[in-house]
Amino acid sequence: MLIGELSRRTGVSTRVLRYYEQQGLLHPRRRPSGYREFDESDVDTVRRVRMLLAAGLGTELIRRVLPCMADDGVILAPTCEDMARDLRRERARMGRAVEEMTAAHAMLDAIIRAGERRTLAGADH
């Protein structure tokens, strides 16, 4: 199938599909005309990529784990222990990032509240 058909079937724009190809996530054949030709299995590959992106993974890690992913049409599961280890490491990194963002959020709230109190105190004069 051509890129337009893959786009229609996956709901992903042709621009994004080209980006996936640049990132090594899709490997279409080229026709003599230069057009990309995708396999039926690429529909599932795009769905898996979208799931992994939604889980917060970057394209570099997705490229490494994608060959070791199995799915039942709903959820993905790593089939290689090394990949499962990489995913656990990434989840731990994300957890630390969430904690840092939560702390930054709380600090920003405190700054905003201090500014509001100061503004209200100035209005009383």
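**Close-up views of helices and pockets in a predicted model**

View 1. Helices (H or I, at least four residues) and strands (E, at least two) are DSSP runs numbered from the N terminus. The model is predicted, so local features need pLDDT of at least 70 and side-chain atom pairs count only at pLDDT 80 or more, whereas totals for chains, interfaces and linings use all residues. Residues are numbered from 1 along each chain as its sequence is written, and side-chain values use heavy atoms, with hydrogens and water left out.

**View 2. The buried side of α1.** Within α1 (residues 3-10), I3, L6 and S7 are buried, that is, under 20% relative accessible area with a 1.4 Å probe, protein chains only. They lie on the same side of α1 because they cover an arc of only 100 degrees around the axis, taken from the directions from the helix axis to the C-beta atoms. After α1 comes G11, with a positive phi near 75 degrees.

**View 3. Helix α3 and its packing.** The 14 residues of α3 reach 20 Å from the first C-alpha to the last, close to the 20 Å expected at 1.5 Å a residue; the expected span is 1.5 Å times one less than the number of residues. D42, V43, T45, V46, V49 and L52 of α3 are buried. Packing against the buried residues of α3 are α1, α2, α4 (59-65), β3 (69-71) and β4 (76-78). G56, which follows α3, has a positive phi near 95 degrees.

**View 4. The largest pocket.** This pocket has a volume of about 250 Å³. Of its 13 lining residues, L52, A55, L57, M69 and L87 are the closest to its centre. A pocket, on a 1 Å grid over the protein atoms alone, is an open set of points where a 1.4 Å probe fits, with protein on both sides within 12 Å along at least five of seven lines; lining residues have an atom within 4 Å of a point. Volume is the space filled by probe spheres set on the points, which are joined across faces, edges and corners. With four residues, α5 gives the most to the lining of the largest pocket. The lining comprises eleven nonpolar, no polar and two charged residues; Ala, Val, Leu, Ile, Met, Phe, Trp, Tyr, Cys and Pro count as nonpolar, Asp, Glu, Lys and Arg as charged, and the others, Gly among them, as polar.

**View 5. The second largest pocket.** The second largest pocket holds about 160 Å³ of space. Its lining residues include D42, T45 and R48, and α3 gives the most to this lining, with three residues.

Key. Buried means under 20% relative accessible area, exposed over 50%, partly exposed in between (1.4 Å probe, protein chains only). Contact means heavy atoms within 4.5 Å.
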